[in-house]
Amino acid sequence: MKRETHPFKLIAGITLSCMLYAASFTVVHADAQAPTLKINGYTIVNAISAKQQRKDNGKGGVDPYIGIGASDMYFTVAGKAANGMEYKYRIVFETIPGSSFYVQKNYIEVNGDFGTVQGGMVTGPEDTMPESGADIIGGANGIDGSLNSVYNYSAGVIKGVNFIGETKKASKVVFYSPEVMGFQLGLAFTPNTSHVGDASRNNAIVGDNPAVGNSSGIYPNYKSLAPYGTRNITYGLTYKGAVDKWSYTLAAVGMTEKSHYVDVAQFGQRQVPINNANSYQLSACVGYDKWKVAAGWIDNGKSRLPKDNSLYGYSTSSSSPAPGTLLLGNSYLGNSGKAWNVGTSYTIGAYQFAATYHRTDRKTDASNKATSDIIVTTVDLNALQGLKVFGEVDFISTKTNAGAIAVQQSYMTNTENKGNKAIGGNSATVFILGTKVSF
């Protein structure tokens, strides 16, 4: 009988082999360099105005909203061994006032002829390897940026930036192979997608990391007790090349895990059966001189979707389930959504112009859908070294159905009780002006 290879043994074996190879590498490439500290970072300040049909949940009016789009400070300690092997320790502080996790990354990295090995709080291949239409735009990062701060998404709509089950910055070990004939392999193992820092091991319930939450289109506004995964393995393959003025990047990234959902709202604590996450994404980017064209595709299958309709809400005045508060309805008969995008950019002098179209589709039950259509347009001006000024205009339309609205409203009423409303069909034009300072 064939023995199954444990994922931890697989990753550990690759990591150990790389480190042993590095230790035995005797050819001297350069003189050793003692570790030195480098500090760099950036901050983005945005002014945003949105004209939309649905003005619920405090998002009405076109008066401007001013916020920090993104802001990080990097501290990197790097050194080099006599055999040419490089090593570094990096910590990244999220410097947005009021952010939940001020330390966003904290990891060790070793580079050599064997490739790159990282360990700690760091993103994996699903974040670093794809290059789609969402990655070549400028501005405030479009669908993955400040747009989400002002727009009322329709119930059941997925955002469609990353696939469901992504590990984000959960504690992991990552390996990137050397590039051979244009090909590079990426592999990551995350023991528990909700684990960060020095939190103790606890696979019985999701940890205190809200970044691991499932798409709000599947588990509406329930980040603190979201599904999570154990034994998460993410793998990716890229192919890159350049000929004269042409350049190209192709990427395929997949992910698999054992998924869990713990319901603590009733009967104490119990596991709710959900589908294991199995998602993948494909992307391609082709450049010619000052032009780039890129596209991406994501398929989530039934990742982290309930296997049945056993998840109920509960009355705020009683510990027993309240009648009629089935929180996810028949969503188990649907799927976790698909998304695709296509975009282009053009750079001339200090200016970059870009536009990307995004489309997401999700079956919210056996027959009904929730969809989004988003056009992102951006203009960036590198005014001075380290100073960028940009503008972004987004045209967005989202549609849903009565069943998805009822499910999300029930979820909000019976878990949040903040008076928020589930959103039906909506459309908007969003205007963003901003500046980025980096060093």
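Start by selecting Val-180, Met-181, Phe-183, Leu-185 and Leu-237: together they make a nonpolar surface patch of about 520 Å². Patch members here have over 30% relative accessible area and no salt bridge, with nonpolar side chains (Val, Leu, Ile, Met, Phe, Trp, Tyr) joined within 5 Å and like charges within 9 Å. A salt bridge would be a side-chain nitrogen of Lys or Arg within 4 Å of a carboxyl oxygen of Asp or Glu, and areas are Shrake-Rupley with a 1.4 Å probe, counting only the protein chains shown as cover for residues. Of that group, Val-180 sits in the loop between strand 6 and strand 7 (183–192); helices (H or I, at least four residues) and strands (E, at least two) are DSSP runs numbered from the N terminus.

This is a predicted model, where local features need pLDDT of at least 70 and side-chain atom pairs need 80 or more, while totals for chains, interfaces and linings use all residues. Numbering runs from 1 along each chain as its sequence is written, and side-chain values use heavy atoms, leaving out hydrogens and water.

Next, jump to Ser-154, in the loop between helix 2 (125–128) and strand 6 (171–176). Is Ser-154 buried or exposed? Ser-154 is buried, at 2% relative accessible area (buried is under 20%, exposed over 50%, partly exposed in between; 1.4 Å probe, protein chains only). Show the side chain of Thr-398 too: the Ser-154 side chain makes a polar contact with it at 2.7 Å.

Finally, color by pLDDT, the predictor's confidence from 0 to 100. The protein averages 86; helix 1 (residues 7–23) is lowest, at a mean of 53, and strand 13 (residues 291–299) highest, at 98.

Key
A polar contact is a pair of N or O atoms within 3.5 Å; within protein, one must be able to donate a hydrogen and the other to accept it, and residues adjacent in sequence count only if both atoms are side-chain atoms.
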